[in-house]
Amino acid sequence: MSRTCCRSMRWVFLLLVSVAVPLSAVAEGLSFEHAGEYGTAATFQVALGDLDGDGDLDAFFANMDWASEIWMNNGDGQFARSRQLFGSGAHGIGIGDLDGDGDADLLIGRADRGSASDVYFNNGQGGFLPASWDLGDREIAANAVTLFDAEGDGDLDAGIYYASRFSVLYTNDGTGRFEPLGARISGMAFWGDLDGDGDVDVLTQLHSGGFEVLRNEGANDLVSASHISAPVPFVPGSAALADVDTDGDLDLIATGAGDFDAPLTVLRNDGAGGFSYAASTSFRAAYGRISLGGVDGDGDPDVFTGNLGQSVHMGLNDGSGEFVDAGLNFDLGDNAGISALGDLDGDGDLDLFTARYGSGGPNGVWLNRSNGDSID
C-alpha cells in the first residue's frame with residue numbers, strides 16, 4: 001500500500017450526519033435535502049461507482065494532502081468509511097472495469113511529483129489490491145483522469161491531463177496495464193465522438209486560449225481540424241462534453257472566464273465536429289468546476305458549478321442549452337472540487353455529492369427530494 005497509509009494512525013476522520021435541511025428551487029417542485037457530511041481531507045474529486053457490487057453507488061474521495069479513501073453506501077444515501085487507504089496526492093480518479101472481470105476498478109491520477117498514477121483492482125466485493133505496475137508518470141503532476149474506449153476493442157483506455165499543460169492517451173491491453181499512445185496533446189483534452197463517425201475525437205482547451213478540434217482519422221491518428229475562440233478559465237474540471245441542446249451530438253459546456261459573474265461558455269456542435277461559441281447569458285457562474293446530469297428529470301443535462309472562492313450554483317437546462325439558475329444555495333463556503341451527480345438513495349433521481357477542496361472537507365450529500373420523499 002502507498003506510503004501515506006503509515007500515517008493513518010494519526011489521521012482523524014469525521015462523519016457528521018447533519019440535520020436534514022431542504023432546499024427548494026425556483027423551478028417548481030425541485031428541492032434538495034442536506035443528508036450528511038463525510039471526511040476531513042482536501043478532496044479534489046468525488047467519484048461514484050458501485051464498488052462492492054451491491055447495486056448502489058459508493059464514493060471515492062480523491063484527496064491531495066492525505067490518503068484517498070472509499071465511503072460505502074448503505075443503499076439509502078448514508079455512507080460508512082471503508083478501512084482502505086489509497087495514498088496521498090490524488091488529483092483525479094477514473095472508476096471502471098479495467099481488467100474485464102465485471103467489477104469496478106480504480107485508476108488514480110497523482111499530482112505529487114515522484115508518485116506515479118496507478119491502478120487498483122477490485123476483488124468483486126469492494127476490496128482493492130494495487131497492480132504490480134503503474135503508468136510511469138511520476139515526474140509530472142496528473143490533474144485529471146477520463147476513462148473511455150479509444151480503440152473500440154471493448155476495454156477502457158485513459159486520457160490524463162497533466163499540470164505541465166498537456167494530455168496523454170493511454171491504451172489498455174485488456175488486463176488493466178496502460179501504455180502511452182502517440183504524441184502528447186497540447187492543452188486539456190476532452191474525449192468523445194465529435195463528428196458522429198463512431199470513433200473518439202478530441203476537443204482540447206489550449207493554454208494560449210480557445211480550443212482545437214482534433215479529428216480521429218482512424219487508429220487514433222488525431223489530425224487538427226479547426227480552432228475555436230471562446231473564453232474559458234484554464235482549470236481542471238471546468239468543462240465537459242455533453243449533448244446540452246439535445247440534438248444528438250456532443251457539445252462542450254464550461255464555466256465562464258473573467259470576473260466571477262461571467263456567463264457559462266457553450267460550444268455548440270453542428271453534428272460534424274464543427275463548433276460555434278455561445279454564452280449562456282441567463283446563468284452566470286464563473287471560474288470553477290462543473291458536474292452534469294439531469295436533476296429535474298426532463299431528459300436534458302443540467303449543470304452544477306463549484307465556483308472557486310464563490311458560492312456554488314445549480315443551472316437548469318431548458319432543452320436548448322440555455323440555463324437558468326435554480327435558486328439553490330448549497331453553502332460549501334469555500335473552494336469546491338469536482339462534485340458528482342448520481343442516484344445515491346435508489347429512488348430514481350439524481351442526487352449530489354459535493355467535494356470541498358480548499359479547506360479540507362467535509363464533503364456533503366444532498367438528496368434530491370423533488371418527488372416528495374424525505375429522510376425518516
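In this predicted model, β18 and β19 make a hairpin with five residues between the strands, and Gly-218 takes a positive phi near 115° there. The two strands run antiparallel and are joined by six bridges, with Arg-215 standing opposite Val-223 in β19. Strand β19 covers residues 222-228.

On its other flank, β18 meets β17 (residues 201-205), again running antiparallel, through four bridges. Leu-203 has Val-213 in β18 as its bridge partner. These two strands also form a hairpin with five residues between them, and Gly-209 in that turn has a positive phi of about 120°. How much of β18 is covered? Strand β18, residues 211-216, is mostly covered, with five of its six residues buried.

**Positive phi values**

Glycines are not the whole story here. Arg-165 has a phi near 75°, a positive value in a residue other than glycine. Its place is the loop between β13 and β14 (166-172). Thr-246 is not a glycine either, yet has a positive phi of about 55°; Thr-246 sits in the loop between β20 and β21 (251-254). Are these two residues buried, partly exposed or exposed? Arg-165 counts as partly exposed because its relative accessibility is 43%, between the limits of 20% and 50%. Thr-246 is partly exposed as well, with a relative accessible area of 42%.

Another open sheet of four strands runs in the order β24-β25-β26-β27, and the pairing is antiparallel. Here β24 (288-293) and β27 (323-325) stand at the edges with a single partner strand each, so one side of each is left without a neighbour in the sheet. The twist in this sheet averages 25° from one strand to the next.

| Strand pair | Bridges | Residues opposite each other |
|---|---|---|
| β5 (58-63) and β6 (69-73) | three | Phe-61 and Glu-69 |
| β29 and β30 (363-368) | three | Leu-352 and Trp-366 |

**Glu-69 in strand β6**

Glu-69 deserves a look of its own. This residue lies in strand β6, where it stands opposite Phe-61. Is Glu-69 buried or exposed? Glu-69 is buried, because its relative accessible area is 0%, which falls under the 20% limit. The side chains of Glu-69 and Trp-71 are joined by a polar contact of 3.3 Å. Arg-81 is 12 residues away from Glu-69 in sequence, and their C-alpha atoms are 7.7 Å apart in space.

Strand β28 (residues 340-342) pairs with β29 in the antiparallel sense over three bridges, and Gly-342 stands opposite Asp-351. Strand β29 also pairs with β30, in the antiparallel sense and over three bridges.

**The largest pocket**

The largest pocket has a volume of about 900 Å³. Its lining is made up of 30 residues, and those nearest its centre are Gln-45, Val-145, Thr-146, Ala-240 and Ile-338. Which strands supply at least two residues each of this lining? They are β4, β8 (90-96), β12 (142-148), β13 (157-162), β16 (188-192), β20 (239-242), β24 and β28.

What classes of residue make up the lining of the largest pocket? There are 22 nonpolar and eight polar residues, and no charged ones.

Note on methods. Residues numbered from 1 in each chain as written. Predicted model: local features only at pLDDT ≥ 70, side-chain atom pairs only at ≥ 80, totals over all residues. Heavy atoms only, no water. Pairing = 2+ DSSP bridges. Axes fitted to C-alpha atoms, helices over the stretch in contact; angles between N-to-C directions. Buried < 20%, exposed > 50% of the residue type's maximum accessible area, 1.4 Å probe, protein only. 1 Å grid on protein atoms, 1.4 Å probe; cavity = no way out; pocket = protein on both sides within 12 Å on 5 of 7 lines; lining within 4 Å. Points joined across faces, edges and corners; volume = space filled by probe spheres on them. Nonpolar A, V, L, I, M, F, W, Y, C, P; charged D, E, K, R; others polar. Polar contact = N/O pair within 3.5 Å; in protein donor to acceptor, adjacent residues only side chain to side chain.
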